[in-house]
Amino acid sequence: MLSRTADHLFWMSRYTERAENTARMLDVHVQTGLLPQSVEDVEKGWRAVLGISELTHAYDKKYSVVTQKDVIDFMVRDPSNSSSIASCLKQARENARAVRGALTTEAWEIQNATWIKMQGYLQTNALEQNPSEFFEWVKHRSHLSRGVTIGTMLKDEAFHFIRLGTFLERADNTARIIDVKFHGAKEGAYTKNLQNQNGQRQSQEQDAIADPQIDFYYWAAILRSVSGFEIYRKVYRDVITPARVADLLILRPDMPRSLLSCMEQVVGNLKHVHNDTSSDTERFAGKLHADLKFSTLEEILDAGLHDYLTRFFERIFELGNRISRDFLVPLNT
């Protein structure tokens, strides 16, 4: 496959996944914003949203204060923000248009129709009236895109480059959510005492957030941002605790948005697009996957969750660069 075609397919899926991830984060914070909390806590929560996407500096250059309305506007419709939902869906559509011949008619029409309907949304006050309904629409369009890709496309190199972009983007986003949210909850308070063999926890673990009720909604919101709330209940059948949330989002291979699950998909799809120069990249991805697969939560927390995730960011960024070097259009062209 031509590197330019692979590049467009890879970034089409990354932008689609990024738009969905942004919608998930914003929707959860809109919902949790309905809970009683101080003005300082509200601002801290929305700053966390900006921090996850590394947009704090860009936002502060444009706005003097952090408010729900301004953050949503900046992260949904602002054309100067290349990571806004509107920018991502536009780029996904442009990349799809460039390689229409590599997509099925259904796959192209989903991207095109999504962008057209998005423009309609932005010309009304629907976002201001019911932001959660809009975010659900964005998630639904992303689900449609993935479903049509799986259901209509030949499982050839084009398909695997699309899937590769999806899971690389998802791994990066899940890691950012874990890092920002857990760091905000004072990592040291809950890493001192891990689950013992009977699954019981000492009281210090609950010190991450003082109010038990707020504590529940805080961790439940993190789970809902990755569609993990019902999965958590099914897997653990117990109270939500920070350590179990970390275990679910990092090490569970059957959790669709966990780091381990994403890396399994990345490694698998890399094998299908193997070329004469990609062996080192496949080996690099395999080592990252193996590190997740054979690590324990105790080892990760003992070493420091933030440090572990910082190292993961560095390696996932390096993996993206290696994939670009081996398969895609060089960045300087």
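## The largest cavity

The lining of the largest cavity has two nonpolar, six polar and three charged residues. Here Ala, Val, Leu, Ile, Met, Phe, Trp, Tyr, Cys and Pro count as nonpolar, Asp, Glu, Lys and Arg as charged, and the others, Gly among them, as polar. Among the lining residues are Met12, Glu17, Arg146 and Ile162. Three helices, α1 (3-32), α8 (131-152) and α9 (157-184), each supply at least two residues of this lining; helices are DSSP runs of H or I, at least four residues, numbered from the N terminus.

About 90 Å³ of space lies in this cavity. A cavity is a set of points on a 1 Å grid over the protein atoms alone where a 1.4 Å probe fits but cannot get out, and lining residues have an atom within 4 Å of a point. Points are joined across faces, edges and corners, and the volume is the space filled by probe spheres set on them.

## The second largest cavity

Which helix gives the most to the lining of the second largest cavity? That is α8, with four residues. The volume here is about 60 Å³, and the lining includes Leu89, Gln111, Val138 and Arg141.

## About the model

This is a predicted model: local features need pLDDT of at least 70, side-chain atom pairs count only at pLDDT 80 or more, and totals for chains, interfaces and linings use all residues. Residues are numbered from 1 along each chain as its sequence is written, and side-chain values use heavy atoms, leaving out hydrogens and water.

Notes: On a 1 Å grid over the protein atoms alone, a cavity is a set of points where a 1.4 Å probe fits but cannot get out, and a pocket is an open set with protein on both sides within 12 Å along at least five of seven lines; lining residues have an atom within 4 Å of a point.
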